[in-house]
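Biologist: Please pick one part of this model and look at it closely. Then place it in the whole, in short steps.

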Amino acid sequence: MALSEVVPVLEADAHTDWDRVDLAGLRAHPMDMARLVSEIAVTETKRPEGLATFRRLVLVHAAQLASDNHWTVETSKLESGMELRLPVTILPWSPASRDLASSD
């Protein structure tokens with residue numbers, strides 16, 4: 001299940017025990033994915049359809065994230081690929097900010 005799907009499911013369940021939800025793990029997931037992409041050793045094979053495929057995948061993932069009102073998603077087409085930006089604001093009422101406040 002995608003991260004953007006997990007939080008709405010948890011929020012919709014009145015019985016969600018936020019003290020037992022691994023918010024740190026949920027927040028770490030995008031960083032883990034970024035490290036996976038940026039620190040992996042890759043052998044590149046240029047394919048004529050590769051850039052178009054990559055751009056489509058970025059747009060599909062951006063649309064999935066944008067379907068959750070917790071995310072603002074911005075994409076830009078670059079000459080050599082795509083840029084996907086996820087500006088993040090932790091609001092005072094969010095479970096994430098409650099977790100951060102208790103970590104001091």
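**The loop threonine and its surroundings**

Modeller: A polar side-chain atom of Thr16 sits 2.6 Å from the backbone oxygen of Leu10. Such a polar contact is a pair of N or O atoms within 3.5 Å; within protein, one must be able to donate a hydrogen and the other to accept it, and residues adjacent in sequence count only if both atoms are side-chain atoms. This is a predicted model: local features need pLDDT of at least 70, side-chain atom pairs count only at pLDDT 80 or more, and totals for chains, interfaces and linings use all residues. Residues are numbered from 1 along each chain as its sequence is written, and side-chain values use heavy atoms, with hydrogens and water left out.

Thr16 belongs to the loop between α1 (3–12) and α2. Helices (H or I, at least four residues) and strands (E, at least two) are DSSP runs, numbered from the N terminus. Thr16 is buried, at 15% relative accessible area. Buried means under 20%, exposed over 50%, partly exposed in between (1.4 Å probe, protein chains only). Leaving aside residues up to four places away in sequence, Thr16 touches Leu10 and Val21; contact means heavy atoms within 4.5 Å.

Now the wider setting. The protein has four helices and two strands, in the order α-α-α-β-β-α from the N terminus. Of its 104 residues, 17% count as buried.

Next, α2. Asp32 and Arg35 form a salt bridge there, 2.6 Å from N to O. The term covers a side-chain nitrogen of Lys or Arg within 4 Å of a carboxyl oxygen of Asp or Glu. The two lie about one helical turn apart, because three residues separate them in helix α2. Asp32 is partly exposed at 38%. Arg35 is partly exposed too, at 41%.

Then the strands. β1 (residues 74–78) and β2 (residues 81–85) run antiparallel, joined by five bridges. Two strands pair if DSSP finds at least two bridges between them. The hairpin has two residues between β1 and β2. Ser76 has Glu83 as its bridge partner in β2.

Arg85 makes a salt bridge with Glu74, closest N and O atoms 3.0 Å apart. That pair spans 11 residues, with Glu74 in strand β1 and Arg85 in strand β2. Arg85 also bridges to Glu83, at 2.5 Å between the closest N and O atoms. Shared partners join Glu74, Glu83 and Arg85 into one network. A search of the whole structure finds three salt bridges.
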